[in-house]
Amino acid sequence: MRALLLALPLAVLVDQSAAGDAVTVLQERRTRLPGKKPVVEHVALVKNVSSQRIRALRVTVELHDTFGKLLWTRTVTPGPSTLKPGETASLSVSAPELTDYKKTVYRFEYRADDKARAGPAR
């Protein structure tokens, strides 16, 4: 067991998006905020990688430990929440500093623009 623990990476892992998802995480930054309570601000830049416009984008940020146990979660709306193909949005969320934290998971909810799928009007 001891050898297994030593083999685990020390870097923070980011599970970006599932294959085929219209949104992906381009960058993530974590900053410890000053104050009495230890708080970490998570800032991420997300991009619409699909060929359709998406709207009503919401992102659930989950913090997990080494073994995948969920430690903390929040759902936020990035700005802007409507993205054309190739556009980006940013999100920011403050979380408690967790000693067991090792991995961030982003889950995306959105609506694809129906007009883009309908094709030209006749």
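Predicted model: local features only at pLDDT ≥ 70, side-chain atom pairs only at ≥ 80, totals over all residues.

## Exercise 1: The neighbours of E4

**Task.** Describe how E4 pairs with E7 and with E5, and say how enclosed E4 is.

**Solution.** 
- Step 1: Take E7 to begin with. E4 pairs with strand E7 (residues 103-112) in the antiparallel sense, over 9 bridges. In this pairing, Val-61 stands opposite Tyr-106 of E7.
- Step 2: Now take E5. E4 and E5 also run antiparallel, joined by 6 bridges. Here Leu-63 faces Trp-72 in E5.
- Step 3: Look at the turn. The hairpin of E4 and E5 has 5 residues between the strands, and Gly-68 takes a positive phi near 90° there.
- Step 4: Count the buried residues. In E4, 8 of the 11 residues are buried, so the strand is largely enclosed by the rest of the structure.

## Exercise 2: A charge without a salt bridge

**Task.** Asp-65 is buried. What does the side chain of Asp-65 reach, and which side chain of opposite charge is nearest?

**Solution.** 
- Step 1: Asp-65 is in the loop between strand E4 (54-64) and strand E5 (70-76).
- Step 2: Look for a charged partner. The nearest side chain of opposite charge belongs to Lys-69, 5.7 Å away. A salt bridge needs the nitrogen within 4 Å of a carboxyl oxygen, and Asp-65 has no salt bridge.
- Step 3: Turn to the backbone. The Asp-65 side chain reaches the backbone nitrogen of Phe-67 at 3.0 Å. A polar atom of that side chain also lies 2.8 Å from the backbone nitrogen of Lys-69.
- Step 4: Look further along the chain. With neighbours within four places in sequence set aside, Asp-65 is in contact with Leu-71, Asp-100 and Lys-102.

## Exercise 3: The salt bridges

**Task.** How many salt bridges does the structure hold? For the pair Glu-97 and Arg-32, say which parts of the chain are tied together.

**Solution.** 
- Step 1: Get the total. There are 2 salt bridges in the structure.
- Step 2: Take Glu-97 and Arg-32. Their closest N and O atoms are 2.9 Å apart. Glu-97 lies in the loop between E6 and E7 and Arg-32 in strand E2, so the pair ties together parts that are 65 residues apart in sequence.
- Step 3: Glu-97 is partly exposed at 35% relative accessibility, while Arg-32 is exposed at 57%.
- Step 4: Move on to Glu-62 and Arg-107, a salt bridge with closest N and O atoms 3.0 Å apart. This pair links distant parts of the chain, with Glu-62 in strand E4 and Arg-107 in strand E7, 45 residues apart.
- Step 5: Glu-62 is buried, with a relative accessible area of 10%, whereas Arg-107 is partly exposed at 45% relative accessibility.

Methods:
Residues numbered from 1 in each chain as written. Heavy atoms only, no water. Helix = DSSP H or I, 4+ residues; strand = E, 2+ residues; numbered from the N terminus. Buried < 20%, exposed > 50% of the residue type's maximum accessible area, 1.4 Å probe, protein only. Lys, Arg positive; Asp, Glu negative; His and termini not counted. Polar contact = N/O pair within 3.5 Å; in protein donor to acceptor, adjacent residues only side chain to side chain. Contact = heavy atoms within 4.5 Å. Pairing = 2+ DSSP bridges.
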